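Hi everyone, thanks for making the time.

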Amino acid sequence: MGDVGDASQRLRVALRSADIVAAEDTRRTKALARALEVTIGGRVVSFYDHVETARIPVLLGEIEAGRTVLLVTDAGMPSVSDPGYRMVAACVERDLPVTCLPGPSAVTTALALSALPMERFCFDGFAPRKSGQRRTWLRTLLAEPRACVFFESPHRLADCLGDAVEVLGPDRRAAVCRELTKTYEQVVRGTLAELADWAVEGARGEITVVLAGARPEAADPADLVDEVEARIGAGLRLKDACAEVAADHGVSRRELYDAVVGARREDED
């Protein structure tokens with residue numbers, strides 16, 4: 001959480017009332033409580049990647065005994081590139097009650113600030129660390145029509161964007177969002193080539209990248225003639241059928257009309 005002002009009243013109450021607070025970073029969770037002027041009422045235990053498996057059975061036992069366990073991760077929503085998934089799954093498996101206290105999300109915040117089309121999007125977590133694996137992953141986005149959000153280390157950002165230029169092309173648009181909701185929040189928008197040049201100078205803080213979806217390749221009007229004829233057969237006039245099909249596939253209405261007329265002439269011959 002960048003700005004403690006984004007903390008909900010439900011979080012404040014939960015920190016005060018939970019019997020156990022399982023924290024990815026106990027020091028940061030205690031600092032968060034101090035910033036919120038909240039006294040943690042229960043016992044604080046660590047819950048990070050390397051102790052998660054050992055902690056889960058103990059915490060499940062506490063929940064089964066009727067106690068409330070609050071899971072707090074360091075700088076993001078539990079389970080979203082942070083510990084928590086296994087704990088939630090274990091609770092569900094034992095039919096124990098689980099709820100979520102919604103809070104700020106770097107994913108949706110970055111999407112809103114990116115100024116990119118994002119009616120549909122996917123989230124890919126952290127980009128692969130090694131260049132070869134990263135390029136393989138980037139190739140899966142070549143034809144991805146949805147916007148893609150991913151996290152990246154500031155130390156690898158320049159290399160990642162450089163690989164993206166080579167795999168996806170220099171003109172794909174993107175946005176690099178740095179330190180969201182914090183004092184030095186920054187959003188840099190542009191083409192991948194522009195962002196790669198900018199990143200060479202170095203960046204600090206937590207990085208969220210939004211990559212625009214791939215533009216669909218324009219269809220050949222000749223390949224759409226049958227679709228136009230089918231709509232005409234359903235009762236539409238030629239011009240109306242051409243207008244609808246052209247809009248659906250992003251082609252010129254005039255070119256599609258000419259293709260239909262040309263195909264009809266060939267059939268007559």
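Helix 7, residues 157-168, and strand 8, residues 207-211, each supply at least two residues to the lining of the largest cavity. Keep those two elements in mind, we'll come back to them. And a quick reminder before I go on: this is a predicted model.

What is the strand order in the open sheet of five strands? Reading across, the order is 4-5-8-6-7, and the pairing is mixed. Strand 4, residues 121-126, and strand 7, residues 186-191, are the edge strands, so to speak by definition, because each pairs on one side only. Neighbouring strands in this sheet are turned by 15° against each other on average, if you ignore direction.

Now zoom in on strand 8. It runs antiparallel to strand 6, residues 173-178, and five bridges join the two.

Strand 1, residues 20-23, and strand 2, residues 43-46, run parallel, with four bridges between them. Ala-22 has Val-45 in strand 2 as its bridge partner. How does the chain get from strand 1 to strand 2? It goes through helix 2, residues 26-35, and that β-α-β crossover is right-handed.

As a bit of background, rolling a probe the size of a water molecule over the atoms shows where empty space is left. Here we get one cavity of 30 Å³ or more, and the volume of the largest cavity is about 40 Å³. Who lines it? The residues are Leu-138, Phe-150, Cys-160, Leu-161, Ala-164, Leu-168, Leu-192, Val-209 and Leu-211. Helix 7 gives the most, with four residues. By class, the lining has nine nonpolar residues, no polar ones and no charged ones.

Let's move to a pocket. The second largest pocket has a volume of about 350 Å³. Its lining counts 18 residues, and those nearest the centre are Arg-172, Ala-212, Gly-213, Ala-214 and Arg-215. What classes do the lining residues of this pocket fall into? Nine are nonpolar, two are polar and seven are charged.

Definitions and conventions: Residues numbered from 1 in each chain as written. Predicted model: local features only at pLDDT ≥ 70, side-chain atom pairs only at ≥ 80, totals over all residues. Heavy atoms only, no water. 1 Å grid on protein atoms, 1.4 Å probe; cavity = no way out; pocket = protein on both sides within 12 Å on 5 of 7 lines; lining within 4 Å. Points joined across faces, edges and corners; volume = space filled by probe spheres on them. Nonpolar A, V, L, I, M, F, W, Y, C, P; charged D, E, K, R; others polar. Axes fitted to C-alpha atoms, helices over the stretch in contact; angles between N-to-C directions. Right-handed = clockwise from strand over helix to strand, strands pointing away.
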